[in-house]
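Have a look at the structure first.

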Amino acid sequence: MRDIIKTLFNLKGTPVMDLIHDSIKIFTTIVEAGSLRKSAKILNIGNATASRKIKELEKHLGVSLFTQKSNNFKLTDSGMELYSIFKEQQQFINNKIHQFITSTPNNLLRVAIPVVFGYHIISKYIPDFIRKNPNIKLELYYHNHEINLFETNFDLAIINYHSNQKSLLTRRLLTVNVNLYCTPKYITKYGCPKDTDDLINNHLFIGHINHQQQPDIKNILHYTKIDNMPQLDKSNIRIFSNNAFHNTLMAQTDEAIIIGSDFTLRKELLNHELIKILENEAFGEISFHLIRKNEITNLSSNLFIDFINECIHKTREEYPDLYLNHNLR
């Protein structure tokens with residue numbers, strides 16, 4: 001143990017130590033989660049990133065921490081020593097940070113959240129978050145259009161489009177596949193579209209209004225697997241909407257086909273109220289990103305970001321069969 005402590009002491013204040021801090025967090029999480037894969041999900045990073053960080057940590061410390069680098073591993077004696085050093089220290093730090101935040105009055109956070117993301121991911125957990133952090137105040141703005149952090153007073157925002165705003169810290173949180181849905185009765189009444197061209201020209205399809213409040217079909221059709229697809233005229237689409245909840249209601253009339261995802265329509269799919277059509281085609285994906293200003297580094301914001309990641313992790317555990325990719329930073 002003294003050799004490890006001596007190595008860490010000698011690295012104190014160096015750039016290498018900053019890297020080791022991140023690697024130690026990954027190391028302790030792997031030990032506690034029981035596997036590299038689970039720890040990567042918890043920390044919202046890729047498996048390859050976690051593995052690389054552990055190798056870097058072993059290189060800098062000059063010791064082996066695991067007897068094998070796989071989901072089934074055993075700590076070496078050095079690994080046990082390192083974990084015992086930092087387990088209590090990490091808990092102490094976490095407690096002190098929490099005490100500091102909860103003892104600081106008037107920590108107001110203004111957060112913009114897409115309606116669908118809020119409804120399916122975090123809203124039901126927010127009261128518990130506030131009870132655990134009594135001095136944090138939240139102003140939540142549920143939106144479905146473009147958010148400009150430099151023209152608003154938001155501390156954080158979650159968006160479902162690619163932002164062109166410069167000088168922002170951006171991190172992808174979650175990705176879901178996009179598909180087409182209708183009711184079984186719709187198929188009985190009108191048949192199932194043969195392809196995208198048939199969908200647009202011969203069926204009542206509810207098009208998408210994008211974050212710039214413009215009717216848009218290219219974001220969906222861009223991903224189609226159909227080769228040499230003819231030019232599609234969006235004037236054939238008679239309904240455009242920017243709200244997934246109201247789209248679902250319109251689909252449930254048995255008169256329309258909508259864009260959605262298994263994630264957002266899971267209840268309707270489980271109850272057989274809606275079915276997925278044209279399953280052999282790829283209609284794209286929706287990615288949710290967290291954006292924040294570079295200068296925003298306060299502890300309350302960081303605590304809320306950790307809360308978002310915890311909510312995503314809970315959703316993955318609750319619905320393990322859903323396509324929910326959130327292992328990117």
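Lys293 sits in strand 11 (residues 285–293). Strands are DSSP runs of E, at least two residues, and helices are runs of H or I, at least four residues, both numbered from the N terminus.

The model is predicted: local features need pLDDT of at least 70, side-chain atom pairs count only at pLDDT 80 or more, and totals for chains, interfaces and linings use all residues. Residues are numbered from 1 along each chain as its sequence is written, and side-chain values use heavy atoms, without hydrogens or water.

Not counting residues up to four places away in sequence, Lys293 touches Leu149, Phe150, Thr152, Phe154, Ser167, Leu168 and Leu169. Contact means heavy atoms within 4.5 Å.

Glu268 lies in helix 12. Leaving aside neighbours within four places in sequence, Glu268 is in contact with Thr248, Gln252, Glu273 and Leu274.

Some distances follow.

| Pair | Distance |
|---|---|
| Leu149 backbone oxygen, Lys293 side-chain polar atom | 3.1 Å |
| Asn243 side-chain oxygen, Phe245 backbone nitrogen | within 2.9 Å |

The Asn243 pair is at the start of helix 11. In helix 11 (residues 244–251), Asn247, Thr248 and Ala251 are buried. They span an arc of only 100 degrees around the axis, which puts them on the same side of helix 11. The buried residues of helix 11 pack against strand 6 (206–209), strand 8 (239–241), strand 9 (258–260) and helix 12 (266–270).

Methods. Buried means under 20% relative accessible area, exposed over 50%, partly exposed in between (1.4 Å probe, protein chains only). The arc is that of the directions from the helix axis to the C-beta atoms. A polar contact is a pair of N or O atoms within 3.5 Å; within protein, one must be able to donate a hydrogen and the other to accept it, and residues adjacent in sequence count only if both atoms are side-chain atoms.
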